[in-house]
Amino acid sequence: MITIQNLTVTFKDQKALDIQRPITFNSGDRIGIIGANGAGKSTMINACLGLVPYSGSIDSSVRPEQMAVHLQANTYSELMPISKVIETILNTKIKNNEKLQELIAFFDFEASLKKKYKNLSGGQKQRLTLILVLMQDAPITFFDEVTSGLDFETRQQLMQKVRAWYQGKNATICLVSHYYDELEQLVNKILILDKGKVVDFDYTTELFAKYCGYSVIVLDRTPKHEAEINKRDEIYGPDHLIVLGCQDKDHEQEIAKHLIDKNINFKRSNSDIEIMSYNAILNNNGGKRYEN
Ligand SMILES: Nc1ncnc2c1ncn2[C@@H]1O[C@H](COP(=O)(O)OP(=O)(O)OP(=O)(O)O)[C@@H](O)[C@H]1O
């Protein structure tokens, strides 16, 4: 559907994006785009949409005007009720448009229709934009940090709705998010960007196996815990955690048994995107957390 290669985006003298080897987004892919602030995530979306000048190739079977995008911040008229805002933007009447009625009901948005935009909650504001974006039924939709600033519960509800809406549909989704729990729910592939470059792009399960192994066991970093673990099992993770990479089931059981015997609490995962991305990026940087 979209193949990106030899792509560079430069702002003044700063290379914001530099994607050399080809990456392809296929029809039906659910892609999470992750990376630290300034990694180039939004720039990549903007390049696909033709919103920033670039050199190189974005070979797409979908024209930019057929793509949909949901940005984090959106502004709408404060003067009209939301029903009028929707009808004006979509150039249709709610009462005559079954699909629009379906989306409004799907997002439990009926009670918000009479309100003005400034009186909507953060979650309701995002629901409005979701309705407008999903009405387009685009073959590919980019969601750029749409849940930032929302509380955990609201984020979960919103993302469950998005997941349910796309269930069984062949549309491609590219979701930029700093919330790994949300990505775990929604995507099956991950594109990891770091300082404008692609660290890796593959199925989440493949990336986890590549960077973490069979599973990870995670415990708080304390001197007592540090004394109990085998340093050789340690892989990268956030500073406050000890992360142990398990090569296979036997290895996992051996570590778990030891921790249980020592009455140490731990969590086990075979899909932790945050830890996977830590390891991907740090392996890529030769183990260095920050570049000097
Ligand atoms: N229009 C612009 N003019 C100048 N520099 C820009 C512009 N847009 C982005 N940049 C720079 O390009 C780099 C990548 O920015 P981008 O917004 O793509 O990062 P991001 O990964 O989306 O970050 P975040 O998670 O903070 O949204 C940053 O250093 C940013 O300052």
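**Where domain 1 meets domain 2**

In this predicted model, 11 residues of domain 1 are in contact with 11 residues of domain 2.

How much area is buried between domain 1 and domain 2? The value is about 1000 Å², and carbon and sulfur atoms give 76% of it. On the domain 1 side, the residues that lose the most area to domain 2 are Leu-158, Lys-161 and Trp-165, which together make up 57% of what that side buries.

One salt bridge is counted between domain 1 and domain 2. Lys-161 forms a salt bridge with Asp-108, and the closest N and O atoms of the pair are 3.9 Å apart. Two residue pairs, both at pLDDT 80 or more, are in polar contact between domain 1 and domain 2.

Which elements build the side of domain 1 that touches domain 2? Strand β7 (140-144) and helix α5 (152-166) each supply at least two residues. Of the elements on this side, α5 gives the most, with seven residues. Sorted by class, the side of domain 1 that touches domain 2 holds seven nonpolar, three polar and one charged residues.

Terms used: Residues are numbered from 1 along each chain as its sequence is written. This is a predicted model: local features need pLDDT of at least 70, side-chain atom pairs count only at pLDDT 80 or more; totals for chains, interfaces and linings use all residues. Side-chain values use heavy atoms; hydrogens and water are left out. Contact means heavy atoms within 4.5 Å. Buried area is the accessible area (1.4 Å probe) that two parts lose on being put together, summed over both. A salt bridge is a side-chain nitrogen of Lys or Arg within 4 Å of a carboxyl oxygen of Asp or Glu. A polar contact is a pair of N or O atoms within 3.5 Å; within protein, one must be able to donate a hydrogen and the other to accept it, and residues adjacent in sequence count only if both atoms are side-chain atoms. Helices (H or I, at least four residues) and strands (E, at least two) are DSSP runs, numbered from the N terminus. Ala, Val, Leu, Ile, Met, Phe, Trp, Tyr, Cys and Pro count as nonpolar, Asp, Glu, Lys and Arg as charged, and the others, Gly among them, as polar.
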